[in-house]
Amino acid sequence: MKLEISSSLFASVVVAAATFGCTVHLYRHSRNTKHSLPIVAILIIGVTALITGLQFIFPEVLADFRRNREALLAGEWWRMVTPLFVQALGWKQCFINGAAAVIVCPLAERLYGKRLVILYFVSGVLGEIFGYVWSPNSAGSSLGIAGVVGGLFAYTFLHRREVSKQAHTLATLGFVAAVVLCFSRDTHGPPILIGALLASLMTMLWPNKSPEPGGLGLIYWF
């Protein structure tokens with residue numbers, strides 16, 4: 001048990017460091033491209049902030065939105081989605097998840113356009129499956145954010161000729177750490193890998209929508 005906790009903690013630190021490093025490199029990579037206002041990112045962050053804020057005014061919001069295995073099995077299917085909009089651990093979790101979302105979501109929208117919705121919510125909802133098994137009474141937007149992080153890691157592999165080698169190395173470490181998280185029963189591991197898979201599939205389906213210097217607006221359409 002102690003080994004599992006230690007490995008999860010270490011892998012989480014590696015993922016955080018890899019995410020920060022990749023984000024810096026990818027912002028530099030995309031700084032000379034044209035991009036529109038990140039509407040999708042703003043909506044995701046804004047709606048999440050609103051609902052999370054309400055949980056501190058009306059405690060029943062957290063109770064109604066968080067994971068509840070018995071309620072889910074009783075037919076409250078929306079509990080596969082609603083845990084992404086509340087933070088079960090309070091203000092500390094709000095700060096960490098809020099800062100992470102502000103950093104990674106606008107960048108992901110630069111790189112993937114409105115497909116950020118897929119990265120965030122599909123990864124997050126599928127991640128909730130593992131959440132109900134490993135942490136059945138918790139909640140948090142970090143699973144959706146983890147999916148976006150997986151998409152950023154995948155971007156460095158899908159565009160390795162344009163992205164710096166350092167970013168590629170950091171993403172590799174991030175993927176290895178995500179696998180360790182999975183074996184450590186940490187709910188953030190699966191959505192990172194799911195997000196990377198989704199990003200790869202989307203790039204295959206829409207191969208001509210990668211950012212080009214002066215032409216990033218192309219990716220704002222499905």
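Q: In this predicted model, with which handedness does H5 pass H7?
A: The two elements are helix H5, residues 91-112, and helix H7, residues 142-158. Their contact includes Asn 97 and Ala 100 of H5 and Ser 142 and Ile 145 of H7. The crossing in which H5 passes H7 is left-handed.

Q: Which helix gives the largest share of the lining of the largest pocket?
A: The largest pocket has a volume of about 970 Å³. Helix H1 (2-30), H5 and H7 are the elements that give two or more residues to its lining. The largest share is 8 residues, and the helix giving it is H5.

Q: Which residues lie closest to the centre of the largest pocket?
A: The lining of this pocket counts 32 residues. They divide into 17 nonpolar, 11 polar and 4 charged. Closest to the centre are Ser 12, Ile 96, Asn 97, Ser 142 and His 188.

Q: What volume does the second largest pocket have?
A: Its lining has 13 residues, and those closest to its centre are Ile 45, Thr 48, Ala 49, Asn 97 and Gly 98. Helix H2 (39-57) and H5 are the elements that give two or more residues to this lining. The volume of the second largest pocket is about 160 Å³.

Q: How many residues lining the second largest pocket are polar?
A: This lining holds no charged residues. Its nonpolar residues number 6. The polar count is 7.

Q: Are H1 and H7 parallel, antiparallel, perpendicular or oblique?
A: The axes of H1 and H7 come within 10 Å and cross at roughly 60 degrees. The range from 65 to 115 degrees would count as roughly perpendicular, and angles under 35 as roughly parallel. H1 passes H7 in a left-handed crossing. The angle therefore makes H1 to H7 oblique.

Q: Which residues of H7 meet H1?
A: From H1, the residues taking part are Val 15, Ala 18, Thr 19, Cys 22, Thr 23, Leu 26 and His 29. The contact of H1 with H7 divides into 8 nonpolar, 4 polar and no charged residues. The H7 residues are Val 149, Leu 152, Phe 153, Tyr 155 and Thr 156.

Q: Are H1 and H8 roughly parallel or roughly antiparallel?
A: H1 and helix H8 (residues 165-183) pack with their axes 8 Å apart. The angle is about 155 degrees. Angles over 145 degrees count as roughly antiparallel. H1 and H8 are therefore roughly antiparallel.

Q: How many charged residues does the contact of H1 with H8 have?
A: The crossing of H1 and H8 is left-handed. Among the residues making the contact are Glu 4, Ser 7 and Ala 11 of H1 and Leu 170, Gly 174 and Leu 181 of H8. By class, 14 are nonpolar and 7 are polar. The charged count is 1.

How values were computed
Residues are numbered from 1 along each chain as its sequence is written. This is a predicted model: local features need pLDDT of at least 70, side-chain atom pairs count only at pLDDT 80 or more; totals for chains, interfaces and linings use all residues. Side-chain values use heavy atoms; hydrogens and water are left out. Axes are lines fitted to C-alpha atoms, for helices over the stretch in contact, and angles run from 0 to 180 degrees between N-to-C directions. Helices (H or I, at least four residues) and strands (E, at least two) are DSSP runs, numbered from the N terminus. A crossing is left-handed if the near helix is turned anticlockwise from the far one by less than a right angle, and right-handed if clockwise. Contact means heavy atoms within 4.5 Å. On a 1 Å grid over the protein atoms alone, a cavity is a set of points where a 1.4 Å probe fits but cannot get out, and a pocket is an open set with protein on both sides within 12 Å along at least five of seven lines; lining residues have an atom within 4 Å of a point. Grid points are joined across faces, edges and corners, and a volume is the space filled by probe spheres set on the points. Ala, Val, Leu, Ile, Met, Phe, Trp, Tyr, Cys and Pro count as nonpolar, Asp, Glu, Lys and Arg as charged, and the others, Gly among them, as polar.
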